[in-house]
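Good morning, colleagues. Please look at the model on the screen; I shall speak about its ligand site.

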Amino acid sequence: MIKIGYLGPKGTYTEKAAEKYFTGIDKEMRAYRTLPELFSAVKSGEIDKAVAPIENSVEGSVNQTLDLLAQEKGVAIQGEIILTIKHALMAKPGVKVNEITKVISHGQALAQCSRFLETFLPDAALVEAVSTAEAAVQIVNSDQPWAVIGNPDIGEIYSLNILEYDIQNCTANRTRFVILGQSGQPITNANKTSILISITDRPGGLYQVLKEFALVNINLTKIESRPAKNKLGNYIFFIDFMGNPADGLVEKCLNRVREMTAEFRILGIYKGAETAYSYSVEKSVLNLEQVREDIDIIDRQIVELLAMRTQLVKIIADLKGAHQKIRDRKREEQILERLTAEARKKGVSPKLIKELYNLLFTHFVGLQKIRRQRGKAYRQVSTKQLP
Ligand SMILES: O=C(O)C(=O)Cc1ccccc1
C-alpha cells in the first residue's frame with residue numbers, strides 16, 4: 001500500500017487532487033497541517049508521495065510550494081494534475097449570509113472569490129488559514145457567525161450548511177497540483193521538465209537562457225521568479241517546459257543553460273497533465289496570422305544565429321596564424337555532408353542547404369581575408385608608432 005500525504009485536513013482541494021491522481025490505487029491517505037510538514041514527510045520517507053498546490057490560473061503561483069521546492073533538495077516533482085476549482089460559502093447551521101462577521105479560508109480561495117465577498121459581505125473580516133478545510137475546523141470550534149470558503153464536500157464532512165455555490169470570480173478557475181516523491185526515482189513516459197536557475201546579474205542574462213530554449217523549439221509552459229532571499233534584487237527562476245532531458249536535443253540545451261547560470265537544478269522530469277503545443281497542418285491552415293508571426297520569429301532567429309556565426313568566424317580569423325590558409329575546402333565539404341544529411345532527415349531540401357552554405361562559406365572567407373589585411377595594417381601602424 002502506498003502512503004500519500006496531502007495538505008489537510010480532510011476536505012481540501014489538495015485531497016481531491018490526490019484522490020483523483022491516485023484513483024484505483026491501494027493507498028493510505030495522510031493529512032498534513034502545513035506544506036513544510038508535508039515536504040519533510042516525503043523527504044524523510046514517512047510517506048511515499050505528497051500532493052501540493054503549485055499554481056492557480058487566476059491567482060498565480062503558490063509561493064510557499066515554490067520556496068519549498070527550492071529549499072528541499074531531496075524532493076522531486078514526479079507528476080501533476082489540474083483541477084477545476086469551484087468554491088462554496090459555508091457556515092454552521094442557522095447562520096445566514098447577512099449575519100456573517102468573518103470569512104476564513106486559504107489565501108488563494110479568498111482572492112479567487114473577491115468579487116462575491118465585496119458585493120455580498122463587504123463588512124466581513126477576511127482571515128487567512130493554512131487551508132480551506134483547516135478554516136472549516138476553526139468555524140466548527142467557534143460559536144461566532146463565521147463562514148468558510150472551500151469545496152462543497154467540506155459542508156458534509158464538517159456538518160456545515162452551504163449558503164452559496166460557485167462564488168469564484170472566474171469560471172475557468174483551475175489549480176495545478178504537483179505530485180512529489182524522493183529525488184532519483186525515474187518516471188516513465190515523462191514529457192515535461194521543471195528546472196530552477198539563478199542568473200548572474202548582467203545585461204541580457206535571462207534573455208540568453210530563454211534564447212537557448214527558443215532556438216531548439218522547446219515550448220516553455222511556465223516561468224516564475226522568486227527572490228533568492230540572499231540579497232535584494234537577486235532572483236531565482238522556475239521554468240517548466242515540454243521535453244525530457246533523455247532527448248539529446250533537450251540535454252544539449254540544458255547543458256548550455258547550466259553553463260551560463262550560477263545555479264541550476266532539475267526539480268522534476270514527469271508526465272505533463274496537458275499535451276504540449278504542437279504544430280498541426282489544420283492549425284496552420286486555420287490561423288494564417290499566427291503562422292506569419294511564427295515565421296517572423298524564426299527569421300529573426302536566423303539573423304541572430306548568423307550574427308553569432310559572424311562573431312565566431314572573426315574569432316577564428318584572429319586565432320589563425322598569418323601563414324595558416326583561410327579557406328579549408330575539406331572542412332567545408334565535411335560540414336556540407338553533415339548538414340545535408342540532417343536536412344534530409346528533417347524534410348529540408350539538401351539543395352537549398354548546399355546553395356545557402358556555399359554562399360555563407362564564400363562570405364565568411366571574404367570576411368576573414370579583410371580581417372587579416374586590417375590586422376596587418378594595424379600591426380604596421382602600431383610598429384611605426386613605436387619609438
Ligand atoms: O486549502 C485547500 O483546500 C487547498 O488544497 C489549497 C488550495 C486553496 C485554494 C485553491 C486551490 C487549492
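A cavity here is a set of points, on a 1 Å grid over the protein atoms alone, where a 1.4 Å probe fits but cannot get out, and residues with an atom within 4 Å of a point line it. A volume is the space filled by probe spheres set on the points, which are joined across faces, edges and corners.

The model is predicted, with pLDDT of at least 70 required for local features and 80 or more for side-chain atom pairs, while totals for chains, interfaces and linings use all residues. Residues are numbered from 1 along each chain as its sequence is written, and side-chain values use heavy atoms, without hydrogens and water.

The largest cavity has a volume of about 180 Å³. Among its 16 lining residues, Tyr13, Pro53, His106, Gln108 and Thr132 come closest to the centre.

Around the ligand (a heavy atom within 4 Å) we find Thr12, Tyr13, Thr14, Pro53, His106, Ser131, Thr132 and Thr175.

Turning to polar contacts, meaning N or O pairs within 3.5 Å: ligand oxygen atoms lie 2.9 Å from a polar backbone atom of Tyr13, 2.4 Å from a side-chain N or O atom of Thr14, and 2.5 Å from a polar side-chain atom of Thr132.

Definitions and conventions. A polar contact is a pair of N or O atoms within 3.5 Å; within protein, one must be able to donate a hydrogen and the other to accept it, and residues adjacent in sequence count only if both atoms are side-chain atoms. On a 1 Å grid over the protein atoms alone, a cavity is a set of points where a 1.4 Å probe fits but cannot get out, and a pocket is an open set with protein on both sides within 12 Å along at least five of seven lines; lining residues have an atom within 4 Å of a point.
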